[in-house]
Amino acid sequence: MKIAAIIGTRGRPQRAGGVVECARNLLSGLHDVEFIVALDADDARSVDYFSRFAGVTLYVQPRPAGLGDVWNRAARAYPADFYLFLGDDAWVASPGWDAFMVNALTTGIDGNMLAAKLGIVSWHDPLQPNIASTFGMTPKWIEANGFVFDPRFPSWHGDSALVETAIFATGQGMPGTSSLQFASMPGNINPRLRDMELWWRFYGATRHERVETGRRIAQNAGLPVIDDYTMARLVAECEDKDEEGIRSIPTVMATITNPQPPTDQYMAVKAAA
């Protein structure tokens, strides 16, 4: 099977190189895995670094407005049977991860076929076990969802939107397995993070789209239809999490010790929200 492991990074080439090496050293050897590093054209240091880095494919494009398009564009450019999407702060920690991921997306997890039916599986972070941020996917999921990550968000919420879509498709949540583990860097907050209440409100305002997408994915996967009463309860639970997130904004922003000014890309995506 062909797997495209797509690593998105900007300005941290050595760290991204470590992500590649870690994942490559833990391959089972059973599948054809291509490592694709998605870079912004104006990130000269990273482009130079990876042009001399053996065993990777460079995908260099103009810097997108929304962060999700880093992975969206690369996935479109490199067809594969399966995809793994990584940032530069997620180090694969499961030997034979490629075989585990393919199995989860074809034969399910411990007899549960949900991941295979949907075409998506969440990786497990032992330090943040309740947060899903790294995913394996099939082209079937990406096509039904419309993208890998929603490009309208500048930083946060892209992974949360995936989890919500799975909730609205299954009534349960995102299928995942501890057989696919990665190590992360908790608390590594983007220094350009800002306008968080705006983005939480925008996230809530677009929820109806994820409800409809979830229903469509469920139908395509042959899953039971979620009745309107249950769906309303699921939506209300997500709305409660929105309010919890909004209340936590001061705490999150207080962790940013060296805030940076907004980029032109950020201003563009904010204007479109």
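Tutor: In general, side chains of opposite charge can pair when their charged atoms come close. You're looking at a predicted model, where local features need pLDDT of at least 70 and side-chain atom pairs count only at pLDDT 80 or more, while totals for chains, interfaces and linings use all residues. Residues are numbered from 1 along each chain as its sequence is written, and side-chain values use heavy atoms, with hydrogens and water left out.

With that cut-off, the model has 18 salt bridges. Start with Arg152 and Glu209, whose closest N and O atoms sit 2.7 Å apart. This pair links distant parts of the chain, 57 residues apart: Arg152 is in the loop between α6 (139-145) and α7 (158-170), and Glu209 is in helix α9 (residues 207-221). Those element names come from DSSP runs numbered from the N terminus, helices being H or I of at least four residues and strands E of at least two.

How open are the two partners? For that we use relative accessible area: buried is under 20%, exposed is over 50%, and partly exposed is in between (1.4 Å probe, protein chains only). Arg152 has 29%, so it is partly exposed, and Glu209, with 31%, is partly exposed too.

Next, Glu243 forms a salt bridge with Arg201, with 3.0 Å between the closest N and O atoms. Because Glu243 belongs to helix α10 (residues 228-247) and Arg201 to helix α8 (residues 196-205), this pair ties together parts 42 residues apart in sequence. Glu243 is partly exposed at 33%, and Arg201 is partly exposed at 42%.

Now go to Arg207 and Asp242, whose side chains meet in a salt bridge of 2.8 Å, N to O. Arg207 lies in helix α9 and Asp242 in helix α10, so parts 35 residues apart in sequence are tied together. Here both ends are shielded: Arg207 is buried, with a relative accessible area of 4%, and Asp242 is buried at 6%.

On a 1 Å grid over the protein atoms alone, a cavity is a set of points where a 1.4 Å probe fits but cannot get out; a pocket is an open set with protein on both sides within 12 Å along at least five of seven lines; and lining residues have an atom within 4 Å of a point. Grid points are joined across faces, edges and corners, and a volume is the space filled by probe spheres set on the points.

There are two cavities of 30 Å³ or more. The largest cavity has a volume of about 40 Å³, and its lining consists of Ala38, Leu39, Asp40, Tyr59, Gln61, Val70 and Arg73. Strand β2 (32-40), strand β3 (57-61) and helix α3 each give that lining at least two residues, with β2 giving the most, three residues. For residue types, Ala, Val, Leu, Ile, Met, Phe, Trp, Tyr, Cys and Pro count as nonpolar, Asp, Glu, Lys and Arg as charged, and the others, Gly among them, as polar. On that scheme the lining of the largest cavity has four nonpolar, one polar and two charged residues.

The second largest cavity comes to about 30 Å³. Pro154, Ser155, Trp156, His157, Leu193, Met196 and Trp199 line it, which splits into five nonpolar, two polar and no charged residues.

Two last stops. Ser122 lies in strand β6 (residues 120-124) and is buried at 7%. Finally, the whole structure has zero disulfides, meaning pairs of cysteine sulfur atoms within 2.5 Å; of the cysteines, Cys22 is partly exposed at 22% and Cys238 is buried at 5%.

Note on methods
A salt bridge is a side-chain nitrogen of Lys or Arg within 4 Å of a carboxyl oxygen of Asp or Glu.
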